[in-house]
Amino acid sequence: MSPTNSTSLSGDSLTPTNSLSPWDCSADASLSAHEDGDGRKHTKSRTLAPNLTRRSHKKSRAGCFSCKARKIKCGEQKPECGSCLLKGIPCVYPTETPARRSNLPLIKRNPPATPSFAGVTFSMVDMRFFHHFLTIAYPHLPVGNDHVWVHEIPQFAEQHEYLMHAILSLGASHLGRLTGIDYRRESLVHRGQALAGLNQALSQASRCYGESDAMLASCYALTFQASYMGDGLTDFITMVRGCALTTDKIQRELSPTAFNLQPDWHLKFMAPRLEHLPTVDPTLLEDAYLALEEISPLLSDDTHYNFHAGLVDVVSALQTSSASGYMQFTELYTIWYDLCHDSFKTFLDPNNLVAQLLLSYFVGVQLLIVPLATHEFMHRADVSRIRVLYGVTEWAESIFLRLENSEYAQFLSWPQNIISTVVAELNGGILQLPSVLQLHLTKRDITPNTILAPP
């Protein structure tokens with residue numbers, strides 16, 4: 001059919017109203033023959049009217065080989081088409097090829113006709129939080145999953161409101177730390193709604209595809225967001241435990257997921273980077289080891305002993321090599337995973353002062369690991385964004401205030417020295433002790449996507 005001609009439909013035919021009759025087999029001309037007086041045949045072409053075209057017909061794509069060879073339309077009757085039956089010749093059809101199947105789950109997105117979140121309205125500042133999440137603040141864990149965070153997770157958030165709130169909460173807290181603008185109220189509102197929805201999702205037995213990713217992504221987003229909250233240490237530890245338990249559940253149930261959660265994937269990803277990890281200053285490590293030995297008589301239960309032993313193992317491993325220390329630190333979190341609910345709750349009780357003392361040492365050790373951990377996301381490590389670590393220093397400062405009038409205050413010297421050094425580094429001050437963050441090793445050629453407010 002010519003592209004310049006329009007087609008209209010009649011009630012009982014799909015034939016274009018401007019086409020020729022069915023017997024017109026050429027859009028340009030048809031041939032007719034006649035004899036003149038001397039008996040010679042002359043061929044005369046019959047030219048079609050300029051506004052006429054031949055009628056289109058449905059092509060036979062599954063016809064038999066015989067009809068294809070004779071270039072005629074096959075009726076496609078089975079087991080023998082009408083043409084082959086009439087001529088008495090064999091009728092053979094092509095073998096049907098089974099559709100190719102993929103081992104990957106099929107993601108079929110059917111955008112809802114109405115908004116996914118009935119009654120929920122997001123503001124323009126929420127859109128800024130969302131943009132900040134996509135460009136800067138999305139988590140770098142699990143390692144090697146940046147594409148999932150940027151492409152898949154926002155699509156899952158379209159269908160899972162609690163995930164969207166977790167994203168906005170993280171974006172608000174991170175943006176607030178970078179710019180100095182107080183977004184704590186907005187962040188806490190979104191965090192509360194995210195936690196409520198996440199708890200409800202975790203209580204459901206049957207889950208559709210994307211639900212596992214939504215839950216795990218929410219756990220990671222809320223974990224990172226807690227690290228930017230000055231009072232977020234308890235939330236951080238709780239969400240770290242939640243990430244591990246959710247990951248374990250996904251792996252045990254073989255739930256489909258967009259994240260790469262292969263066993264030992266973290267080690268495989270980091271293996272070629274371990275030899276390039278910077279060295280932690282030996283003086284800081286020696287002081288940490290001696291301080292941990294000094295507080296060992298204060299321990300009173302199994303959780304205290306296990307966590308203290310974990311800290312000592314990390315420091316000892318760092319004295320051997322940065323690679324072994326880094327790997328040992330990743331094992332420290334397993335102590336929280338393995339605790340029963342009651343023991344975990346007791347460990348996080350603010351009145352458990354020995355546990356609080358141990359957590360102040362944990363914060364100090366975690367800050368020693370920061371220059372090593374940046375190798376998990378070197379392409380995103382920007383020294384101009386180091387301000388987000390103020391949240392972690394405030395964790396320790398809260399513990400110092402809680403213990404300042406207790407018998408444990410005398411054992412805070414090492415973590416206090418670490419925190420004062422880190423704060424001086426963040427403020428650009430003169431250091432009295434060896435560098436903790438080792439900012440001189442951080443790449444400075446990454447253009448930040450956020451304009452920073454003056455400190």
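**View 1. Two crossing helices, α3 and α5.** Angles under 35 degrees count as roughly parallel, over 145 as roughly antiparallel, 65 to 115 as roughly perpendicular, and the rest as oblique. In this predicted model, the axes of α3 (residues 124-137) and α5 (residues 161-179) cross at roughly 80° and come within 8 Å. The two helices are therefore roughly perpendicular to each other. Axes are lines fitted to C-alpha atoms, for helices over the stretch in contact; angles run from 0 to 180 degrees between N-to-C directions.

**View 2. The contact of α3 with α5.** Contact means heavy atoms within 4.5 Å. From α3, the contributors include Phe129, Phe130, Phe133 and Ile136. From α5, they include Ile167, Leu168, Leu175 and Leu178. By class, the contact has 12 nonpolar, 3 polar and 2 charged residues. Nonpolar covers Ala, Val, Leu, Ile, Met, Phe, Trp, Tyr, Cys and Pro; charged covers Asp, Glu, Lys and Arg; the others, Gly among them, are polar.

View 3. UniProt, in an unreviewed entry, places "domain: Zn(2)-C6 fungal-type" here, at residues 63-93. Such annotations may be inferred rather than shown by experiment. The end C-alpha atoms of this span lie 7 Å apart. The span is 39% helix and 0% strand.

**View 4. The whole chain.** The chain has 17 helices and 2 strands. These are DSSP runs: helices (H or I) of at least four residues, strands (E) of at least two, numbered from the N terminus. Of the 455 residues, 44% are buried, meaning under 20% relative accessible area with a 1.4 Å probe, protein chains only.

**Notes.** Residues are numbered from 1 along each chain as its sequence is written. Local features need pLDDT of at least 70, side-chain atom pairs count only at pLDDT 80 or more, totals for chains, interfaces and linings use all residues, and side-chain values use heavy atoms, with hydrogens and water left out.

Terms used: Buried < 20%, exposed > 50% of the residue type's maximum accessible area, 1.4 Å probe, protein only.
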